[in-house]
Amino acid sequence: DDDVGGGGGGGGGGGGDDEVEVVEVERQVRNAAPRAGGEEDDDDELVVTGMVGDDALVDYPHPRHTCAVFKFDNTNHKQHCPNCWCYCCDKQAPCADWAIHCDAKSGVAQWDSMRARIQ
């Protein structure tokens, strides 16, 4: 006598069991920075340990000042990743005037006017 209709059985159909679905994707995973102190986290919050897929500021062309590989505020501006482009002349970095243009950033009048003149 199977109870298919869900009318009886006293417990609400097993709603107390938490299920976890694991989805494995065969792609290279970029590792996140290690946790501070290297401690195990015993709470039930979600923890992101890496990422799979494209990151627009890494994997696609972008102005040097928005680069996620070489953070503009923390690195020498002459450094660039393979997808960095010059903000002023809109060419792949390093451009012919990279020694000057590497410092260019949108929203700064000097660089915005230089960009307008060049393009």
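Leaving aside neighbours within four places in sequence, with which residues is Trp98 in contact? In the predicted model, these residues are Arg64, His77, Lys78, His80, Cys86 and Ala93. Trp98 lies in helix α2, which spans residues 98-101, and counts as buried, with a relative accessibility of 6%. Its side chain also reaches the backbone oxygen of Lys78, at 3.0 Å. Cys86, one of the contacts of Trp98, is 12 residues away along the chain, and the C-alpha atoms of the two residues are separated by 7.5 Å.

Both Trp98 and Cys86 belong to the largest nonpolar core, a set of 14 residues. The residues with the most contacts inside this core are Cys84, Cys86, Cys88, Cys95, Trp98, Ala104 and Trp111. Cys84 is buried at 0% relative accessibility, and Cys86 is likewise buried, with a relative accessible area of 2%. For Cys88, contacts beyond four places in sequence are made with His101, Ala104, Trp111, Met114, Arg115, Ile118 and Gln119.

A search of the whole structure identified 0 disulfides. Cys84 is in no disulfide, the nearest cysteine sulfur being that of Cys67, 3.6 Å away. The sulfur of Cys86 is 3.4 Å from its closest cysteine sulfur, in Cys89, and this separation is too far for a bond, because a disulfide requires sulfur atoms within 2.5 Å.

The mean pLDDT of the protein chain is 76, and 57% of its residues reach 70 or more. Over residues 1-14 the pLDDT falls below 50, and this stretch has 2 contacts in the model beyond near neighbours in sequence.

Conventions. Residues numbered from 1 in each chain as written. Predicted model: local features only at pLDDT ≥ 70, side-chain atom pairs only at ≥ 80, totals over all residues. Heavy atoms only, no water. pLDDT = per-residue confidence, 0-100. Contact = heavy atoms within 4.5 Å. Core = buried A, V, L, I, M, F, W, Y, C linked by side-chain atoms within 4.5 Å. Buried < 20%, exposed > 50% of the residue type's maximum accessible area, 1.4 Å probe, protein only. Helix = DSSP H or I, 4+ residues; strand = E, 2+ residues; numbered from the N terminus. Polar contact = N/O pair within 3.5 Å; in protein donor to acceptor, adjacent residues only side chain to side chain.
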